[in-house]
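This report describes the architecture of one protein model for a reader who is new to structural description. Please consult the sequence and the structure shown below while reading.

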Amino acid sequence: MNYMPLKYSVTTVSKEDGDHHCLLLVEVSDNNSVSMSGCWPITGANAELNLAIKNPTLFATQAIQQDLKQAQLNLNGTITTGKMPTSATKLIVKHESPALSALIHTMMKDSNNLYAEIITRTLGEEYYHHATLEEGANAIKAIMKNKTKIDFDNSELFDGAGNRYTLLSPDQIIHVLLTAYRSPFKQIFIDSLPQSGKNIDGTLGKQEIYVKQLPDNIHAKTGSMKGIINLSGYMTTESKKPIIFSILINNHIGKPKNAHQLQAALTRYFSKKL
């Protein structure tokens, strides 16, 4: 696609090196050009990589121009962008996305960063009239500060997908989970999280240790990258008590399964004792 040019310098490595010693770095510029560098495991990696378009207006304009050219249709004039004028009454085509509850379900269950970034940009547009990750993150911080009283002077939220620049404490995550639990959207939010037990699904179902060792009745979001293995959510104990928990493991050295085992052991312990 000439409207999303790609530049890359990527080295293929073993799965072990890809897990512990080298990362794939991907950047999307303001003109939608994609730059890839670093390492990619030759086995064990996903065959597809989802990216959020940084400039959707430019993307749409160039895509329309290319499609017209391929169809051998001449465009007399230019493509203009902006909000639809109120005088426009003839509807040519209309497309609506699924409900937000369905989008969040996909985002949370699959840990879909593309959905997270698009929803973040939408918040930026709604609150500050700029559909950027920066303004989207500002909108999230404003909402969270209002609803949960989290002080962002000593923490940082870089975007909506989570990365190494995002700095939140377990206590702050607990406040977010507690606010969601007390909200009218409690069940929608809980149902969107991966669950353990007989019907284990989402990202919890992709880790063998979570499948075999997590107690039943957990709804929790995973978060992982090199040296980071996190698990936060809700648990119903054996005595039927609802518990909110957040286990964040940073700067982990060694195999990720050790961290997964620790998280599973802690949740089993509290499931029995509380």
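## The packing of α5 and α6

Helix α5 (residues 133-148) packs against helix α6 (residues 170-181) at an angle of about 70°, and their axes lie 10 Å apart. Angles of 65 to 115 degrees count as roughly perpendicular, and α5 is therefore roughly perpendicular to α6. The model in which this arrangement is found is a predicted one.

On the α5 side, the residues that take part are M144, K147 and T148, and they meet H175, V176 and T179 of α6. Sorted by class, the residues of this contact comprise two nonpolar, three polar and one charged.

## The packing of α3 and α4

Two packed helices are described by the angle between their axes and the distance between the axes. For helix α3 (residues 100-110) and helix α4 (residues 113-128), the axes come within 8 Å and cross at roughly 140°. An angle over 145 degrees would count as roughly antiparallel; α3 and α4 are therefore oblique to each other. The crossing in which α3 passes α4 is left-handed.

Which residues make this contact? From α3 come L100, L103, I104, T106 and M107, while α4 contributes Y115, A116 and I119. Seven of the residues in the contact of α3 with α4 are nonpolar and one is polar, and none is charged.

## A sheet of three strands

The model also contains an open sheet of three strands, arranged in the order β1-β3-β2 with mixed pairing. Its edge strands are β1 (6-13) and β2 (24-28), each of which pairs on one side only. On average, neighbouring strands in this sheet are turned by 10° against each other, direction ignored.

The pairing between β2 and strand β3 (residues 34-41) is antiparallel and extends over five bridges. An individual example can be located in the structure: E27 has S35 in β3 as its bridge partner.

Leaving aside residues up to four places away in sequence, S271 touches P215, M235, T236, T237 and E238.

A220, in turn, is located in strand β4 (residues 218-225). With a relative accessibility of 0%, A220 also counts as buried. When residues up to four places away in sequence are not counted, A220 touches L193, P194, L204, L231, S232, G233 and F245. A further relation concerns I190: A220 and I190 are 30 residues apart in sequence, and their C-alpha atoms are 8.2 Å apart in space.

## The protein as a whole

The elements described above belong to a protein with nine helices and six strands. Taken along the principal axes, the box filled by the C-alpha atoms is roughly 75 × 45 × 40 Å.

How many of the 274 residues count as buried? The proportion is 31% of the 274 residues. Among the contacts between residues at least 6 apart in sequence, 49% join residues at least 24 apart.

Notes. Residues numbered from 1 in each chain as written. Predicted model: local features only at pLDDT ≥ 70, side-chain atom pairs only at ≥ 80, totals over all residues. Heavy atoms only, no water. Axes fitted to C-alpha atoms, helices over the stretch in contact; angles between N-to-C directions. Helix = DSSP H or I, 4+ residues; strand = E, 2+ residues; numbered from the N terminus. Parallel < 35°, antiparallel > 145°, perpendicular 65-115°, else oblique. Left-handed = near helix turned anticlockwise from the far one by under 90°. Contact = heavy atoms within 4.5 Å. Nonpolar A, V, L, I, M, F, W, Y, C, P; charged D, E, K, R; others polar. Pairing = 2+ DSSP bridges. Buried < 20%, exposed > 50% of the residue type's maximum accessible area, 1.4 Å probe, protein only.
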